[in-house]
Amino acid sequence: MTTEQFKEMAIAQGADLVGIAPVERFALFAPEAHPLSIQPQTRSVIVLGFSIARGCLQGVEQGTAGYTLGAGIPTSLSIETTYQVCRRLENEGWEATPLFRQSGEMRGQGVRVSPDKPEPNVIVEFDFAAQAAGIGGIGRGKWLLTPEFGPRQMLTIILTDAELEPDAPFAAHVCDDCGACAEACPAHALDTENLHCAPLCEGTACWYSLHIESCRVCKTGTSRLAYFGGSEPFRLGAACGRACVAHLEDNGMLARRFASPFRPAKEEA
Ligand code: SF4
Ligand code: SF4
């Protein structure tokens with residue numbers, strides 16, 4: 001199976017986005033966040049993206065329903081597709097290890113298998129992997145933005161010893177530093193005056209400093225993702241996430257288009 005055939009197969013199975021990074025791009029990570037600690041034979045890190053239904057943001061966006069986002073998150077599809085892609089890789093004689101997103105705060109919660117090995121859980125940084133695999137970049141709001149869906153996707157990862165043709169790391173900028181996410185936050189949890197930066201496989205990613213404690217009690221539409229351990233909330237449905245969707249769509253910055261605007265114009269009183 002060529003890399004092109006592999007990607008066509010993953011899309012046919014249900015993924016919206018497919019990117020591939022060679023494991024060497026993860027060299028800056030310590031063992032507790034490194035793919036090789038999970039599957040030592042890894043040659044390629046495959047990142048799959050699944051769009052989250054935009055309509056499920058509308059209940060909280062328009063104030064007609066509280067937390068409707070959960071139904072729009074393709075949890076079952078992403079699990080099913082990821083396993084099917086793993087099975088297809090195994091059919092070709094390759095190892096395949098599926099990973100589902102977990103908060104980094106879940107690291108270090110187990111007993112080392114030996115003194116020279118990292119503590120479980122070993123957790124790969126998903127947004128870093130997506131950038132390394134060419135899928136998207138990390139925006140100022142501290143979430144992944146893709147040219148197709150902005151912040152509106154979830155990710156899974158497959159580690160494999162198949163040496164697939166890599167994609168170039170994502171080098172474009174979906175985020176234009178507009179500040180709409182920070183402006184929308186009633187708790188001022190995103191600080192536009194202070195950037196937090198982290199190295200990527202090439203360059204750095206910088207986002208507004210985030211007071212995550214405010215997000216943990218935020219009532220504007222945060223949710224918990226299934227299979228996402230820890231107390232870090234998923235912020236797409238919150239005021240910050242929805243402001244980002246509105247900004248990117250209103251300015252024609254996303255490939256996915258809709259017949260109706262995300263934020264319908266309010267009627268004059
Ligand atoms: S989740 Fe809530 S508190 Fe956190 S940045 Fe978004 S709007 Fe602010
Ligand atoms: S709202 Fe603007 S600044 Fe915030 S992540 Fe989106 S594009 Fe970037």
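The legends below describe close-up views of a predicted model.

**View 1. The four-stranded sheet.** Four strands form an open sheet in the order S1-S2-S6-S3, and their pairing is antiparallel. Strand S1 (17-22) and strand S3 (96-100) stand at the edges with a single partner strand each, so one side of each has no neighbour in the sheet. From one strand to the next, the twist averages 25 degrees.

**View 2. Strands S1 and S2 with helix H1.** S1 runs antiparallel to strand S2 (residues 44-51), and six bridges join the two. Leucine 17 stands opposite glycine 49 in S2. Helix H1 (residues 3-13) packs on the sheet and touches S1 and S2. The direction of H1 makes about 140 degrees with that of S1.

**View 3**

**View 4. The surroundings of ligand 1.** The residues around ligand 1 include Cys185, Cys215, Cys218 and Cys240. Arg235, Ser214, Thr220 and Thr222 are also among them. By type, the shell around ligand 1 has eight nonpolar residues, three polar and one charged.

View 5. Ligand 2 sits in the largest cavity. Of the 14 residues around ligand 2, those that come nearest are Gly141, Cys175, Cys178, Cys181 and Cys244. Helix H6 (180-184) and helix H8 (239-250) each supply at least two residues of this shell. H8 gives the largest share, three residues. The shell around ligand 2 divides into eight nonpolar, three polar and three charged residues.

Note on methods. Residues numbered from 1 in each chain as written. Chains lettered and ligands numbered in written order. Predicted model: local features only at pLDDT ≥ 70, side-chain atom pairs only at ≥ 80, totals over all residues. Heavy atoms only, no water. Near = heavy atom within 4 Å. Nonpolar A, V, L, I, M, F, W, Y, C, P; charged D, E, K, R; others polar. 1 Å grid on protein atoms, 1.4 Å probe; cavity = no way out; pocket = protein on both sides within 12 Å on 5 of 7 lines; lining within 4 Å. Sits in = over half its atoms within 2 Å of the grid points. Pairing = 2+ DSSP bridges. Axes fitted to C-alpha atoms, helices over the stretch in contact; angles between N-to-C directions. Contact = heavy atoms within 4.5 Å.
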